[in-house]
Amino acid sequence: MVTRLQTTNSTLDIAAIVANVKAYDIIAIAVILIIAVIIAKIVTTFLKKKLSDRMEKSDLKVVNSIVWWSIILIGIFFASPHFKIDLSGLLVAGGILAVIIGFASQSVVSNFVSGIFLIIERPMKIGDNINIGDVTGNVEHIQILSTIVRTFEGIYVRVPNEKVFTSNISNYVSNVARRFDYRIGISYRDDANRAIMIIRDIIEQEPFALKNPEPLVFADKLGDSSVELLIRIWAPSKEWYDLKMSLLVKIKTTLEANGIEIPYPQQVVWVQQSQSGGRGRNHQENAR
Amino acid sequence: MIQFTVYGTYDYSCQLREEEISIDVERSARYLTYKRTCMGKSAERTIASEKGSIIINPVEPLNLPKEVTRYLEVHFNPVFIEPETTLQLYLTFPVEIGVFIRAKEDNDLLDVFSPLSPKYSLYGPPDYGRVTRWHESSIYPGVPKTDPLREGVLDLTLINKGKTWIEVSRAVFVNAGMTIWYGDYVLMSARMELYSNMVAETKILSTPGKNGMTRSISAYSARKVPVVEVVPEKVEFLMEFGLGDTIADN
């Protein structure tokens, strides 16, 4: 009985609303909604063109759907005065609902917005070798809510976009070239200038040790056990690691082949003998 | 000129020897075996083909030890050019030897090698500069003597379009299928328009070589990277990081 009454009331309300709506209002609603659809179409097409090479298709579809319905809802909002409906009750209910949804989906929205900004800013791209916080590896996917990283050990790591966006990102291959350093100690007995020339020759023979910026080899420190040579080499970012791994062995073997010693840590120990044990001083050179 | 016999078109029974290079194609019952040695390094490929040809010609020096860039940088002694003046000079550029297989009117790159040891450099800053294949050349008023296995002749026209003297000691070219010709020597033509000491525009020309020269198949084109055929003269490179030596920022 109660249900029947409510249904009758709703029918009456709708009838009253329809009776209030005039031809002008219907035209206005139609025009506003058509404009909203056109704007939504233009915006989503623009997004497709601009983001199709930056985003995965599934993510782009989600973004486009959200944008589409947001614009349509805005259109309905602008058209609502022509419906002659009192929206005050709806606004209160909608406000409460918005607060609840807002709290519930806070992190989702945060990740979503961060994902949008990451796509626009593009601090990294798929395949890049990066570090985000304590995660280091290659970027596998940049999705709308998270970024997938494959660590060097082959482990799948999902990093929420909010964390990516608020963390320091080190992209090791973003620049076309990068530098790496070696520090090599040679014996005090050996000729440092000769060692520098030998190292320069080895670097010159390496195709990916860049000619410019010029590689630097110089005596950087007179250490406890050795003269420390600092070697600075620039390489294409995609080749630097292979070069770094192979070149050090070449330098070591070539230096040794040329009679230049890479010494162990050494310490000179002076022993003061007591009078009973004899006069004078002996010294011992201990090498470990 | 050095008489050179390696470049050309051969059938599947070719055996070539040239100083430190040897190329052999051997036929067995079911397939062909391509073998090459150069400076002690060797390569071998198996080919499934009944009838076709092997084409050996100089290619862009941007493939070894592996392809990391599309830019070639030629460095030379500084040249000072008067405002609104044109100067034609000859430089050298490195070449790599490309071996192509051709059958049913389709070419494919079989092998690339070179007796030269390549060297790479950076043109511009590390963040947005260009990695380049680096080559040092002398300047010649006429066509210099070169070893076509190692170097080609770069016919470079420098045009000072500015109102001031310009000093230039490097030219950077982008590879979009460099037009290289070979005959008695290897030839490539290029043009460089200078606007200031910092900015110039370069392009490789497809100007035909001398009579009797043959146009090389480009390794870039043979890889079939572009869907549409690229006209080299329409691909320009804007040198915006200077035309002279830069101080390295270590």
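User: Which residues of H8(A) are called buried, and what makes a residue buried?

Analyst: Trp240(A), Leu243(A), Leu247(A), Ile251(A) and Leu255(A). The term needs 20 or more other C-beta atoms, placed from the backbone, within 10 Å of a residue's own, so these five residues of H8(A) pass that cut-off. Keep in mind that this is a predicted model, where local features need pLDDT of at least 70, side-chain atom pairs count only at pLDDT 80 or more, and totals for chains, interfaces and linings use all residues. Residues are numbered from 1 along each chain as its sequence is written, while chains are lettered from A and ligands numbered from 1 in the order written.

User: What covers the buried residues of H8(A)?

Analyst: Strand E6 (177–186), helix H7 (192–205) and strand E8 (227–236) of chain A are among the elements that do. Helices (H or I, at least four residues) and strands (E, at least two) are DSSP runs, numbered from the N terminus.

User: How do you know that the span of helix H3 of chain A agrees with expectation?

Analyst: The expected span is 1.5 Å times one less than the number of residues. H3(A), residues 57–79, has 23 residues and should therefore span 33 Å; its end C-alpha atoms are 33 Å apart, so the two agree.

User: Which residues of H3(A) are buried, and what covers them?

Analyst: Val63(A), Ile71(A) and Gly75(A) are buried, with helix H2 (23–51) of chain A included in their cover.

User: What makes residues of chains A and B count as in contact?

Analyst: Their C-beta atoms, placed from the backbone, must lie within 7 Å. By that test, 18 residues of chain B are in contact with 18 of chain A.

Methods: Contact = placed C-beta atoms within 7 Å. Buried ≥ 20, exposed ≤ 12 C-beta atoms within 10 Å, placed from the backbone.
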